[in-house]
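Today I am opening my notebook to look at one model, one topic at a time. Follow along with the picture as I go.

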Amino acid sequence: MKPNRLWRRYDRLTGPDPAADVNDELRFHLEAKIDDLIAQGWEPQAARQEAERIFGDIRAVQHIGERIGEKRQRRKHLSVYWSDWLQDLRYAVRMLVKSPGFTLVAVLTLALGIGANTTIFSVINAVLLRPLPYTNPGRLVGVAESRPAASVTAAGLSWPVFTELQDHSQVFSAVAGVAGHALTLTGHGEPADVSTVAVTPDFFTVLEIQPLLGRVLLAGDGKRGAAAAVVLSENLWRSRFGADPNIAGSSITLDQRTYTVAGVMPASFHTPFFNQTEQMWIPLVQDPLFSGWTTRPPQVHWMTVIARLRPDVPVRKAQAEMQTVSPALAKQFPEESGWLLGIEPLQQAVVGNVRPQLLLLLGAVALVLLIACANIANLLLTRATSRSKEIALRIALGASKRRIARQLLTESTVLGLLGGAAGIGLACWSVSALALLLTPQLRQTYPIRLDGAVLGFAVVLSMAASLLSGLAPVFYAVRSNPQQNLREGAGAGEARGSQRARSFLAIAEVALAMIILVGAGLLLRSFSRLLAVSPGFETEHVVKAEISLPRFQYARPEQWAAFSNDLMMRLHSRPDLQNSAIAAPLPILDGAITLPFVISGNPPLPQGTANTANYVTASPQYFGVMGISVMRGRLFTEDDNDGAPPVAVISQALAKRYFPNQDPLGRQLVFGFTPQGHVSRQIVGVVADVHDVSLAKNPGPMMYVPFAQAPLWGGEVVVRSRLSTAVVSDAVRTATHAIDKDLPVTKIESFPGALDASVAEPRFRTLLLGIFSGIALLLAAIGIYGVVSFSVSRRTREIGVRMALGASPAGVMRLVIGESAKLLLLGLAVGIAGALVLTRFMATLLFGVAPTDPLTFGVVALLLAFVALAAAYVPARRAMRVDPMVALRCE
Amino acid sequence: MDKNRLDLFRGTLDVLILKSLIWGPLHGYSITDLIRRQSDEVLLVEEGTLYPALWRLETKGFLEAEWGLSENNRKAKFYRLSAKGKRQLRQEMQTWDAYAAAVAKVLSATQPPLPEDAG
């Protein structure tokens with residue numbers, strides 16, 4: 001009856017065996033029964049039979065027993081697994097706490113890598129992955145026209161093409177056109193320019209959006225002669241109308257005309273492609289400007305068009321349909337020939353060219369993380385080596401290799417998760433700064449947030465990083481020979497395989513750093529090229545301000561001319577504002593107005609082709625203010641007014657391209673911008689070229705006309721003076737309000753400041769990539785230092801022997817540096833090859849630099865080589881100072 | 001012998017096993033023996049139900065098992081009540097008492113129950 005503890009060991013010796021247990025237990029029962037029966041006087045043989053009879057179906061019971069036993073075993077495994085895991089975790093935490101320096105470096109390294117990745121991913125998630133905030137956004141498309149012959153890629157639609165699509169398209173359930181400008185809101189506080197989106201009646205149908213209050217614009221509002229209606233944005237409603245709940249049905253005044261408020265849109269709603277937070281929407285036919293454009297000829301492509309596909313039409317089919325529509329349209333409207341209709345998913349159309357730069361940055365941070373992982377792997381490898389005796393001991397005491405591997409991996413996972421947590425913290429902090437990557441319009445449509453997807457990404461990344469950096473050490477710890485390790489202890493030479501892994505890591509780090517540095521170098525070169533571009537005009541001390549005339553009050557061109565005349569006279573009356581002008585559009589800051597023109601006397605061009613040039617209307621002082629020099633002929637004078645013969649000044653590019661070996665002066669150009677038709681103008685001068693679209697684009701042909709002969713409803717005032725921006729803007733405002741106190745003066749900026757803002761995007765991405773590559777360089781240097789310094793400390797004895805045998809310190813130095821140089825050269829070779837392959841993908845982001853720019857590659861390789869050798873130099877010096885006696889004795 | 005035998009109600013066997021282990025560890029054979037003798041040969045536990053019941057109780061953690069040597073030096077599996085098993089026994093005994101009392105009440109009734117209050 002006494003349980004014997006010896007039997008417990010039986011359980012341990014061969015491992016648990018539930019089937020044998022059941023068998024033993026039942027056999028004992030039978031034997032006991034037989035004993036009892038024999039004691040009662042049965043014959044042994046009969047006793048056995050009787051016992052078995054009484055027991056019944058022993059196999060069935062056995063079967064039940066085995067099943068229950070297996071189940072219990074499984075459960076036990078699971079609980080052992082968890083308790084082992086807890087034990088591992090405790091052990092890992094203890095080990096990490098024991099070497100706080102290592103832990104800190106590892107966690108910080110990972111935090112940098114994961115934080116950078118999380119941050120960039122949060123932007124990508126917001127812009128490229130999260131759907132647009134409209135109902136069923138996958139069905140929305142942007143419609144645009146392109147003209148391959150003139151390398152025009154994404155122009156708006158002309159009115160006739162738009163109406164054709166609206167009325168006859170089989171693939172869209174709704175089509176809407178959008179055009180934006182500002183109207184002057186008066187009667188509610190200061191007069192203000194409110195950005196206004198003129199929309200065709202189906203606009204709200206396309207986006208399937210509900211108003212916050214009242215109603216949206218309906219088909220009836222879009223009819224000519226309907227009462228003018230307006231929908232306000234929530235922001236405007238709150239800021240200007242005190243969030244009046246009864247606003248629907250009341251009247252407001254825009255450009256001196258009465259509109260009835262139909263409803264209010266929620267603040268979360270944004271018009272695709274437009275960025276203002278305070279907006280209003282009016283029917284296109286009620287717009288003082290665009291309503292007149294519906295009669296314009298088809299070659300003016302001014303409408304941004306969005307559409308919703310019919311539920312059963314896939315995007316591809318719609319695209320194919322567009323290709324068949326274009327030739328048909330060309331037949332109907334001869335001016336349309338050469339233009340191609342195209343659609344792309346709205347998301348793609350809105351995001352536009354942000355995609356390549358985001359992917360570039362993601363690639364860069366991924367490289368940074370890889371380098372970080374290589375560093376951690378290196379550190380862990382070092383630790384595992386110095387712990388090899390401990391591990392060998394554990395294996396000798398019966399720990400399975402799996403168990404050891406699991407424990408080491410738990411350690412690297414704890415590191416990874418700590419790094420991930422710190423990285424998420426870093427990302428929280430840096431995400432807001434990163435919003436600068438996006439244009440204001442994108443920033444608005446896609447608020448960048450650390451949502452579930454981003455956090456999930458960070459966690460997955462941390463796990464992946466843990467595995468990546470933990471695997472190599474585990475591999476070598478488990479593979480190494482425990483006997484040898486036990487005998488030699490931690491001080492001995494390490495396994496050759498581990499040393500190879502370490503070298504491989506160093507090479508990989510150099511290669512990865514090379515790639516990212518080349519990327520940053522290319523961007524930097526490209527950016528400096530961009531800044532070095534002379535725009536063709538001089539902006540120092542120039543201030544600009546915009547004035548827009550309400551078109552109901554100022555309906556006729558004569559009024560516009562009179563206003564600008566009046567304003568200029570007032571400004572010029574001040575001696576310090578002599579140098580001021582009015583013009584539109586301004587180079588780089590405003591979009592270009594591209595118009596077709598005809599050269600009188602030249603043979604007519606073939607059907608469907610047209611010469612085009614960018615159009616600027618400017619008052620006489622404009623060229624002086626902007627520092628655009630005259631090459632031939634003359635500039636405009638005050639006499640080039642409405643009564644005088646129409647004149648034009650062309651740019652050198654236009655002269656070169658269209659008047660090769662001819663004298664353009666005195667020739668006639670026929671062109672015109674709304675509301676004028678085609679006007680024949682005599683060329684009186686040729687001026688220097690100007691980068692009018694962007695610094696990155698070569699100057700195209702331009703034609704200038706006198707503002708007095710071709711006035712616009714307002715324009716940009718430019719003033720060159722020694723006065724401060726504030727003083728100039730006050731002067732412009734005073735002069736403007738002296739003419740009309742209800743006119744707002746907006747967008748006042750110093751010209752250099754405004755230009756600077758135009759390169760904010762490339763500057764920011766260059767800065768970011770620069771930061772990332774700096775981190776990469778630092779990590780790679782640390783990595784190389786780690787590898788070399790470890791190898792030196794492991795070889796202290798060998799070096800001691802060499803020195804005892806007569807090797808000079810310099811020779812030892814050469815040995816160590818030579819080995820590092822070998823790693824470095826291999827890394828550089830791999831890195832250059834990788835960079836050659838990868839930089840091709842950033843070609844679109846470069847300006848004036850080839851993706852394979854040899855200078856960049858060379859400089860980066862030299863920089864990397866210098867840093868790497870410097871990192872190797874420190875441990876090499878230590879090797880040089882090894883005292884042979886000490887080194888030999890310590891073994 | 002078979003005629004005296006009463007079939008065990010479902011669930012009754014568990015409480016009997018628990019109770020029989022209250023005086024100390026036993027192996028399966030002596031459990032049947034103990035129950036048989038304690039019930040004056042009325043309750044005979046079939047081996048085909050005893051062992052599965054023991055294993056189930058062991059899995060649930062009411063019993064702890066250990067290999068040991070029997071009286072005649074054979075290797076036998078001994079079962080012992082765990083703390084959890086003791087609690088279970090107390091609880092099941094209460095349930096059984098209440099059940100038995102209720103059954104007894106019904107069986108010993110001499111008249112139909114009074115009509116229930118409608119209000």
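**The sheet.** I looked up the strands of chain B and found 3 of them in an open sheet, ordered β1-β3-β2, with antiparallel pairing. I count strands as DSSP runs of E of at least two residues and helices as runs of H or I of at least four, numbered from the N terminus. Two strands pair when DSSP finds at least two bridges between them. A reminder to myself: strands of a sheet pair through backbone hydrogen bonds, either parallel or antiparallel. At the edges I see β1 (26-27) and β2 of chain B, each pairing on one side only. Antiparallel β2(B) and β3(B) are joined by 7 bridges. I also noted that B:W67 stands opposite B:K77 in β3(B).

**A note on the model.** This is a predicted model, where local features need pLDDT of at least 70, side-chain atom pairs count only at pLDDT 80 or more, and totals for chains, interfaces and linings use all residues. Residues are numbered from 1 along each chain as its sequence is written, while chains are lettered from A and ligands numbered from 1 in the order in which they are written.

**The whole chain.** I listed 4 helices and 3 strands in chain B. Along the sequence they follow the pattern α-β-α-α-β-β-α. Of its 119 residues, 26% count as buried (20 or more other C-beta atoms within 10 Å of a residue's own, with C-beta atoms placed from the backbone).

**Two helices.** How do the axes of α1(B) and α3(B) cross? They come within 10 Å and cross at roughly 70 degrees, with α1 spanning residues 12-20. The axes are lines fitted to C-alpha atoms over the stretch in contact, and angles run from 0 to 180 degrees between N-to-C directions. That makes the two helices, α1(B) and α3(B), roughly perpendicular (65 to 115 degrees). B:L13, B:D14 and B:I17 of α1(B) meet B:T49, B:A53, B:L54 and B:L57 of α3(B). Contact here puts C-beta atoms, placed from the backbone, within 7 Å. By class, I get 5 nonpolar, 1 polar and 1 charged residue in this contact. Nonpolar covers Ala, Val, Leu, Ile, Met, Phe, Trp, Tyr, Cys and Pro; charged covers Asp, Glu, Lys and Arg; the others, Gly among them, are polar.

**Meeting chain A.** I found 24 residues from chain B and 25 residues from chain A in the contact. On the chain B side, α2 (28-38), α3 (47-60), β2 (63-69) and β3 (75-81) give two or more residues. Which element gives the most to that side? It is α3(B), with 7 residues. That side of chain B has 9 nonpolar, 7 polar and 8 charged residues.

Notes. Two residues are in contact if their C-beta atoms, placed from the backbone, lie within 7 Å. Angles under 35 degrees count as roughly parallel, over 145 as roughly antiparallel, 65 to 115 as roughly perpendicular and the rest as oblique. A residue is buried if 20 or more other C-beta atoms lie within 10 Å of its own, exposed if 12 or fewer, and partly exposed in between; C-beta atoms are placed from the backbone.
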